[in-house]
Amino acid sequence: AWGQRSAVDRAHVLFAFRELLLAHQDELAAIISHEHGKVLADAAGEPRLVSGDHPLLAEARAIGIELGG
């Protein structure tokens, strides 16, 4: 379970998730635009916003771990 993982292990998972968000941001923007009716330019900012400001990533930063992020 998530709560049983060490802080370092959780940070690795979160930064890997961040990298996936960034790697697929164009695809995600197209999906967001289609499903929510947003203009593509507006939808394109959402994966970047989440990848940089997600509360779980803040947890990783709070423990002083920067793994390529």
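This is a predicted model: local features need pLDDT of at least 70, side-chain atom pairs count only at pLDDT 80 or more; totals for chains, interfaces and linings use all residues.
Confidence is lowest in helix H4 (residues 55-62), at a mean of 66, and highest in H2, at 90.

**Overall make-up**

I noted four helices and zero strands, in the pattern α-α-α-α along the sequence; helices (H or I, at least four residues) and strands (E, at least two) are DSSP runs, numbered from the N terminus. Of the 69 residues, 23% are buried, and I use buried for under 20% relative accessible area, exposed for over 50%, and partly exposed for what lies in between (1.4 Å probe, protein chains only). Taking contact as heavy atoms within 4.5 Å, I found that residues 24 or more positions apart account for 52% of the contacts with a separation of 6 or more.

**Helix H1**

I looked next at H1, residues 7-23, whose 17 residues reach 24 Å from first C-alpha to last, close to the 24 Å expected at 1.5 Å a residue; the expected span is 1.5 Å times one less than the number of residues. Its buried residues are Arg10, Ala11, Leu14, Phe15, Arg18 and Leu21. They cover an arc of only 130° around the axis, which puts them on the same side of H1, the arc being that of the directions from the helix axis to the C-beta atoms. On the other side of H1, I find Leu20 and Ala23 exposed.

**Salt bridges**

I counted two salt bridges, defined as a side-chain nitrogen of Lys or Arg within 4 Å of a carboxyl oxygen of Asp or Glu. One joins the side chains of Asp9 and Arg5 at 3.0 Å, N to O; Asp9 is partly exposed at 30% relative accessibility, and Arg5 is partly exposed as well, with a relative accessible area of 37%. Another links Glu19 with Arg18, the closest N and O atoms being 3.1 Å apart, and here Glu19 is partly exposed at 39%, whereas Arg18 is buried at 17%.

**Helix H2 and Ile32**

H2, residues 25-36, has 12 residues and reaches 16 Å from its first C-alpha to its last, close to the 16 Å expected. Which residues of H2 are buried? I find Ala29, Ile32 and Ser33. Seen down the axis of H2, these buried residues fall within an arc of 100°, so they line one face of the helix. The face turned away from that buried side carries the exposed residues His34 and Glu35. After H2 comes Gly37, whose phi is positive, near 70°.

I then followed Ile32, which counts as buried at 17% relative accessibility. Leaving aside its neighbours within four places in sequence, Ile32 is in contact with Gly37, Lys38, Ala43, Glu46 and Pro47. Glu46 lies 14 residues from Ile32 along the chain, and I note 8.4 Å between their C-alpha atoms.

How values were computed. Residues are numbered from 1 along each chain as its sequence is written. Side-chain values use heavy atoms; hydrogens and water are left out. pLDDT is the predictor's confidence in each residue, from 0 to 100.
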